[in-house]
Amino acid sequence: MLIFKRLFIYTFLLLSQIILSQNNTSVPYEWEWSKDGIYTAGALAGSAGGLLLILDKDDLTDDELNAIVAKKDDINFLDKWAVGNSSQTASDLSDIPFYLSFAAPLALFFEDEVNDNGGLVFGLFLKSMATTGTLYGVTAGLINKSRPYVYDEGLNQFRRKSGNGQRSFFSGHAAATATSTFFVAKVYQDFNPDSPGVPYVWAGAAVLPLAVGALRIEAGQHFLTDVLIGYTIGALVGYYVPHFNKKRKASK
């Protein structure tokens, strides 16, 4: 029961912060419960549904694995060089910037104006991440595409045949990281449009998910096209969710 009480308190505080932010004319964003609240709830449900699809993936049989490996020469030239990658070190390293990116929005709260409207900013961040989570979960859950390490015949057969190896498309790490970093850059710019630090924030936002993507390729978790698509989706979501929630200028 304690966890539900805490969840209720956190939700109440979040709602209160968002409501109070609506009356602050200096805040660049707005939140409409009839639209944003329902959308975010739906996106969270979509993320959960996508996770169920991923968990429900079947393992490969020996014949299916052999058939996949036999077709490795048919992989396009952009992805072929990653075939057989399986670095565990790179996989572990990729998790570091990936998880750090989720904490990146906390840096925004060093800004007094952002801190005073933390509920609204967090609501937009939740909306952004839930959107990416749904797009990734449903796509990875419905599309079977072997990860590069599946082609490494020196690896343990159990790992190569696992259903987890059939969700290479698209890179969730790259997508989630890009969503977070681009969200931070966009929000920082909207609150500080004249700040000389804006170009540097955007540079960091662009580089971090690229580093994550490169490590995921080296780890054999994804091909180049998986990373590029994940990066693009994440960047677009991270930018456009706060952009579409900007306050409309009153017509004269």
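What follows is a chat about how this predicted model is built.

Q: What should I know before I start looking at this model?
A: This is a predicted model, in which local features need pLDDT of at least 70 and side-chain atom pairs count only at pLDDT 80 or more, while totals for chains, interfaces and linings use all residues. Residues are numbered from 1 along each chain as its sequence is written, and side-chain values use heavy atoms, with hydrogens and water left out.

Q: OK, how many helices and strands does the protein have?
A: The protein has ten helices and zero strands, where helices (H or I, at least four residues) and strands (E, at least two) are DSSP runs, numbered from the N terminus.

Q: And how much of the protein is buried?
A: Buried residues make up 46% of the 252 residues, with buried meaning under 20% relative accessible area, exposed over 50%, and partly exposed in between (1.4 Å probe, protein chains only).

Q: What share of the contacts comes from residues 24 or more positions apart?
A: Such residues account for 81% of the contacts with a separation of 6 or more, and a contact here means heavy atoms within 4.5 Å.

Q: Let's go to the nonpolar cores: which residues have the most contacts inside the largest one?
A: That core has 25 residues, and those with the most contacts inside it are Leu-108, Val-121, Phe-182, Phe-183, Val-187 and Phe-191. A nonpolar core is a set of buried Ala, Val, Leu, Ile, Met, Phe, Trp, Tyr and Cys residues joined through side-chain atoms within 4.5 Å. The elements that give two or more residues to this core are helix 6, helix 8, helix 9 and helix 10, and helix 8 gives the most, with nine residues.

Q: What is Val-187 in contact with?
A: Leaving aside neighbours within four places in sequence, Val-187 is in contact with Tyr-29, Leu-108, Val-121 and Pro-242.

Q: Which residues does the second core include?
A: The second core is separate and has 14 residues, with Leu-65, Ile-68, Tyr-151 and Val-227 among them.

Q: Back to helix 8, is Lys-186 buried or exposed?
A: Lys-186, which lies in helix 8 (residues 172-191), counts as buried because its relative accessibility is 4%. Not counting residues up to four places away in sequence, Lys-186 touches Tyr-29, Trp-202, Gly-238, Tyr-239, Pro-242, His-243 and Lys-246.

Q: What do the buried residues of helix 10 pack against?
A: They pack against helix 6 (118-142), helix 8 and helix 9 (198-218), and the buried residues of helix 10 include Val-227, Tyr-231, Gly-238 and Pro-242.

Q: What span should helix 10 have?
A: At 1.5 Å a residue, the 21 residues of helix 10 (residues 224-244) should span 30 Å, and the end C-alpha atoms are 30 Å apart, which agrees. The expected span is 1.5 Å times one less than the number of residues.

Q: Which residues are buried in helix 3?
A: In helix 3 (residues 62-70), Leu-65, Ile-68 and Val-69 are buried. Seen down the helix axis, the buried residues fall within an arc of 95°, so they line one face of helix 3, the arc being that of the directions from the helix axis to the C-beta atoms. On the other side of helix 3, Asp-63, Asn-66 and Ala-70 are exposed, while what covers the buried residues includes helix 7 (157-161).

Q: New topic: how many aromatic pairs are there?
A: A search of the whole structure finds 13 aromatic pairs. In one of them, the rings of Phe-98 and Phe-102 have their centres 5.1 Å apart and their planes at 90°, so the pair is edge-to-face. Rings of Phe, Tyr and Trp (its six-membered ring) pair if their centres lie within 6.5 Å, and planes under 30 degrees apart count as stacked, over 60 as edge-to-face and the rest as tilted.

Q: Where do Phe-98 and Phe-102 lie?
A: Both lie in helix 4 (residues 88-103), four residues apart, about one turn of the helix. Phe-98 is buried, with a relative accessible area of 11%, whereas Phe-102 counts as partly exposed at 33% relative accessibility.

Q: Last one, where is Gly-165 found?
A: Gly-165 is found in the loop between helix 7 and helix 8, and at 0% relative accessibility Gly-165 counts as buried.
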